[in-house]
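Trainee: I am new to this structure and would like a close look at a single part. Could you walk me through one of the chains, from its overall build down to one helix and then to its partner?

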Amino acid sequence: MIDKKLVEKVAHLARLELSDNEKIKMQRELSAILDYMALLNEVDVSNVAPFYANGDLFNITRVDQASSLDEQARQKIIEQFPRQDGAYLKVKEIF
Amino acid sequence: MTIKEIHQNLLNKDFSARELTEHCLETIKKEEPKIGAFLSVSDNSALEQADVVDEKIKQGQEITLLSGVPCAIKDAILVAGQKCTAGSRILENYLAPYDATAIAKLKKQGVIILGKTNLDEFAMGSSTEHSAFQATRNPHDLTRVPGGTSGGSAAAVAARECVFALGSDTGGSIRQPASFCGVVGLKPTYGAVSRYGLIAHASSLDQIGPLTKTVEDCQIVFDTIKGKDEHDATSTDADNPSVNVDLKNVKIGIPKEYFGEGLEKATREIIESIIKKAEKAGAEIREISLPHSQYALACYYLVSTSEASANLARFDGIKYGLSQTAINLAEVYLKSRGEGFGSEVKRRIMLGTFALSSGYYDAFYAKAQKVRTMIKQDFDQAFEQVDFIFTPVSPFPAFKIGEKIDDPLKMYLSDILTVPISLAGAPALSLPVGQDGHLPVGLQIISRPFNEKGIFQIGQKLEKIL
C-alpha cells in the first residue's frame, strides 16, 4: 500500500527531510502500522457522527484583543530567535 | 513520607525545608547514575525556594500544605527560566519564557522544584527509550524500562528522589509508568487541568497529572493544579458534588474485553484478587462490556498522530529551537525538522500527515473520529450501570530495555488498556496493588468525567485492604 513515492509525498507535506535509509524504513513500518489500522474496517459507522469534544465544550470564545506580555518573558522569547534584527525575527526570503 | 506528614514535621521544626531539599538532592546524586530519571537538576533555585519557606516558618507565618515539598516536573511542562527540552534535540537549548499554569499554581503554594524529568521525545512512546538524551531505568529492576512517556517522573518518585512529580498523559503516559514503577498516577478528566505551558502532543487528549506515593498525596496535588484557566479554552471548573463513596455502596464494572488474550497470567491474578477483596468489603461487582475497546488502539494512533502532525508543525527552525542554515526558507524547514526530530517523532508525523492527506482523510482520520464516538458511548452507557470500572493498567509488568524498541507496533500495543479511557476523556488512576515477582502491577480505576473525588475515595479504601 505504501510505496516509496507515497513516502516522499507525505514527507514533503510534513516538511521532513528523510535519508534514503529512513525512507526504506518508513515504508516498511508505516505499512505494518496501517495494516493494523485496517481493523477499523470492521466497524460500521454509517449512522455515527464524528467525535467533536468531551463534555459540553462548544465554541468557547474570547474577546479578540492583544494582551501584553510580561517584559521578562518577552525578552526571553526574543533572545531565542535563531536569527534576529533588534527585536525583530529575521527569516529567509520566501522566493 | 506523605505530604501531610512533611507538613506536620515542618511545623514541628523536626526538620527544615532546606534540610528536606538537601536530603532529596543527595538522594538524586546517589541514585541518578543508576536511574537516570532527571534531565536537569536545579540545586540552587531549589534551595532558594526552600529558604523562603523556612523564613516563613521562622516568622510564624502560616504555610500551605505543599509548602516546602520537593517535586520533579516532566520536561514537557514549562518552568520559567529553566530548560524545557521535551526530550528532543530540536529543543535541546530551549529556555521556558513563562510558567505553565499548573507550575504557577504549585509555586504559589510554595513547592520546591528540584528539576526536570526524562520522557520519550515529545511524549511519544511507552518506555522513555525514545528520549533523545538518555534511557531511564526502572528502580525495581535496572534492566527494565520505567514505562513512558512520564518514565522519569515515575522513576523519580519510586526512587524517593522527590515527594511527588508531575507528568502528562495522552494515551497512558502517566498511568503506565506509574504501574511499572509501583507509584500512584492520575490522568485527570480531559479539561480538569489547564494544558497551558504543556508542550502539545495531541490536544484533544493531553492532560497534566500527578505521580505520587499515596492516593492522599495525589488528591492534594490534583486539587492544587485543577480548575479553569483563561489560557486554555478547554479547561473547566466542573466538579462532581461531594458524595461519600465507600466500597459498601458502589457498583464496580469489570469489562470482559480487558481481561482477554494477551493479559499475562500473574497480572490477571493480582487484579482479580483485588476485585475479590473489594467484593468482600461490600462492593457490588458486575461484568460489563465495552465492545468497541478492541478498536481503540487503531483509533488512538490515527487521532493522536493526526493532531501531533499539526501541533509539531510549529517546530520549523524559525522562531526558536534548532535551526539549520540553508539556502532558502523551505530548506530551513526540511533540514531543521529532519535533523531535530528523532525516529519515533518522524514516524508519527508521517502517519498523521498521511491520515489527514487528501485521498486518505475519509478512510483514516474521519473514520477514526467516528469510531471514537462509539468508544465514548460505550463508556457513557457503562457509567449508567456502574460507578467505577476496574481494569489492569498494562497487560504485563515492566519489560526489558530494548525489548520493543525496534518494533513500533509492538511498542504501541503496550498502551492497549489505557488509550480507550483517553479517547473517552474519562479520569483514571493507576494504583499499585501487587507484585509479579519483584515487578509492580497497577490497577486502573476509571470513573465518569469529573469524578476524581470518587476515584480518590475508592483508591484510599483499597490502599487499606491491600
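Mentor: Happy to! Let us take chain B: of its 466 residues, 61% count as buried, where buried stands for 20 or more other C-beta atoms within 10 Å of a residue's own, exposed for 12 or fewer, and partly exposed for anything in between, with C-beta atoms placed from the backbone. Please keep in mind that this is a predicted model, in which local features need pLDDT of at least 70 and side-chain atom pairs count only at pLDDT 80 or more, while totals for chains, interfaces and linings use all residues. Residues are numbered from 1 along each chain as its sequence is written, and chains are lettered from A and ligands numbered from 1 in the order in which they are written.

The confidence score pLDDT runs from 0 to 100 for each residue. Its mean in chain B is 96, with 99% of the residues at 70 or more. For the complex, the predictor reports an ipTM of 0.95 and a pTM of 0.97.

Now the overall build. Chain B holds 15 helices and eleven strands, which are DSSP runs numbered from the N terminus (helices: H or I, at least four residues; strands: E, at least two). Its C-alpha trace spans about 65 × 55 × 45 Å along the principal axes.

Next, zoom in on helix H15 (residues 452-465) of chain B. Buried residues of H15(B) include B:Ile455, B:Phe456, B:Ile458 and B:Leu462. Among the elements covering the buried residues of H15(B) are helix H7 (215-225), helix H8 (265-280) and strand E10 (428-436) of chain B.

Finally, the partner. In chain B, 51 residues are in contact with 37 residues of chain A, contact being C-beta atoms, placed from the backbone, within 7 Å. H12(B) gives the most to this side of chain B, with eleven residues. Other elements giving two or more residues there include helix H9 (296-311) and helix H13 (408-413) of chain B.

How values were computed
pLDDT is the predictor's confidence in each residue, from 0 to 100. Two residues are in contact if their C-beta atoms, placed from the backbone, lie within 7 Å.
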